[in-house]
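Reader: I am new to this structure. Please show me how to read its features, one at a time.

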Amino acid sequence: MDPHHRRIDLQSPADLSYLHTNIKHSAQQKLDLAIPPSANPATEPDSFRPQVQKLIQEYITQTLTLALPSLAIN
């Protein structure tokens, strides 16, 4: 890590959970706009939406994992 950049200070592990929850919620809202849930779930299930949800969750997890070295939790 570049020593010229300060780490992001979080006051508690709850702050990290708060960020993670808000990121997931925002991603879900964007997904609902781009690929709305089926109006009739009793019909054939949509195979595309769950695949996209899985990719989004993997991206969020990977992003936060890579960000951890730049975070300082008091």
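**Salt bridges and a cavity**

Author: Being four residues apart in helix 2, Glu-58 and Lys-54 are separated by about one helical turn. The model is a predicted one. In it, Glu-58 and Lys-54 form a salt bridge, with the closest N and O atoms 3.8 Å apart.

Reader: How should I read a salt bridge, and how many salt bridges does a search of the whole structure find?

Author: Side chains of opposite charge can pair when their charged atoms come close. Here the search finds three salt bridges. One of them joins Arg-49 and Asp-32, with the closest N and O atoms 2.4 Å apart. Arg-49 lies in helix 2 and Asp-32 in helix 1, so this pair ties together parts that are 17 residues apart in sequence. Another joins the side chains of Arg-6 and Asp-9, at 3.5 Å from N to O.

Reader: Is Arg-49 buried or exposed?

Author: Arg-49 is buried, with a relative accessible area of 9%. Arg-6 is exposed, at 73%, and Asp-9 is partly exposed, at 42%.

Reader: How do I read a cavity, and which residues line the largest cavity?

Author: Rolling a probe the size of a water molecule over the atoms shows where empty space is left. In this model, one cavity of 30 Å³ or more is counted, and the largest cavity has a volume of about 40 Å³. Its lining consists of Lys-24, Ala-27, Gln-28, Leu-31, Gln-53, Ile-56 and Gln-57. Helix 1 gives the most to this lining, with four residues. By type, the lining has three nonpolar residues, three polar and one charged.

Technical notes
Residues numbered from 1 in each chain as written. Predicted model: local features only at pLDDT ≥ 70, side-chain atom pairs only at ≥ 80, totals over all residues. Heavy atoms only, no water. 1 Å grid on protein atoms, 1.4 Å probe; cavity = no way out; pocket = protein on both sides within 12 Å on 5 of 7 lines; lining within 4 Å. Points joined across faces, edges and corners; volume = space filled by probe spheres on them. Helix = DSSP H or I, 4+ residues; strand = E, 2+ residues; numbered from the N terminus. Nonpolar A, V, L, I, M, F, W, Y, C, P; charged D, E, K, R; others polar. Salt bridge = Lys/Arg side-chain N within 4 Å of Asp/Glu carboxyl O. Buried < 20%, exposed > 50% of the residue type's maximum accessible area, 1.4 Å probe, protein only.
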